[in-house]
Amino acid sequence: MFNWKRFGMVAGLSLTLVAAGCGSSDEEGTDTSGDSNGDEASSEMNYGEEMDYEITGIEAGAGVVSSAEKATEEYENLNGWEVATSSSGAMATALGEAIENEEPIVVTGWTPHWKFAKYDLKYLEDPKEVFGGEEQIKTMVRKGLKDEKPNAYKILDQFNWEAADMEEVMLEITDGASPEEAAKNWISNNQDKVDAWTEGTEEVDGTEVELVLVNWDSEIASTNVVAEVMKEQGFDVTITPLDNGPMWESVAAGEADGMVAAWLPGTHGDQYEQNKDNLEDLGANLEGAKIGLVVPEYMDVDSIEDLEAAE
Ligand code: PBE
């Protein structure tokens, strides 16, 4: 049997290594005679140079990383820029450190995310609309789930909340709570919402359910909340972290029961097209999501077009 977990891990790791190996290909040695930066009079900082013309990305398979790469091709001024891939956690650490030192940084960002509650941040305008508009986060389940595990299916179908709910859970996790703990706390404070998700379902006795996710902060929050609700109904829930492609493929292949992490229409548009015939789309579980390039407020740029091209 194909091991999706291992595939996801290995694929993620090797992509990271490839990305690390082909870092920046600066044109070193062209600047031969003295300091040709000239412009002593210019008070404008060259943010691009300070950042090594690098956008701080997240997991290689994330839609926001593909969009950022596309942006480096479509915006002339991002010519020569690279998107450095790592993980959502590493991006958040880099963002926190840059802010502490008031240094420039451009990250691949998304909403809902706790970073907007912790820091003063802004999305860069995207006149070419490379990052798309408002998105929904949708729930996808494997074919056959409805017949085989109707109560699990119904809970997943009825799961639906708001950005503020998700942010609350994310913030608690960032502040040190375990995902299970934060999920349980949210559930006990929002029993009315949870009751609507379990409405019309019966409790079960240890039925196994496997949910898949990518370890993005937003999906850690949502998946754990759904998992805890299902556990309270008697399900034996496993959460398996994968890379983005394998997350979609595992549901389409029927290896996993479902996921609540489908960002559409733009972010995961390719994955959806490739897998839509082999899975069941249960609709939006959250409205008003968004992706883009995000910078600290103190940076004097408003649009992607304000960033300087690499020399
Ligand atoms: N994200 C969070 C994901 C979807 C959820 C925006 C980092 C992505 O870019 O694929």
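How many helices and strands does the chain have? There are 13 helices and nine strands, taken as DSSP runs (helices are H or I with at least four residues, strands are E with at least two) and numbered from the N terminus. Keep in mind that this is a predicted model, where local features need pLDDT of at least 70, side-chain atom pairs count only at pLDDT 80 or more, and totals for chains, interfaces and linings use all residues. Residues are numbered from 1 along each chain as its sequence is written, and side-chain values use heavy atoms, with hydrogens and water left out.

Let us start with the chain as a whole. Of its 311 residues, 47% are buried, that is, under 20% relative accessible area with a 1.4 Å probe, protein chains only. Take the contacts (heavy atoms within 4.5 Å) between residues at least 6 apart in sequence: 83% of them join residues at least 24 apart.

Which partners lie in polar contact, meaning a pair of N or O atoms within 3.5 Å? From the side chain of His268, an N or O atom is 2.7 Å from a ligand oxygen. The protein covers 100% of the 280 Å² of accessible area that the ligand has on its own, by the Shrake-Rupley method with a 1.4 Å probe.

Terms used. Buried means under 20% relative accessible area, exposed over 50%, partly exposed in between (1.4 Å probe, protein chains only). A polar contact is a pair of N or O atoms within 3.5 Å; within protein, one must be able to donate a hydrogen and the other to accept it, and residues adjacent in sequence count only if both atoms are side-chain atoms.
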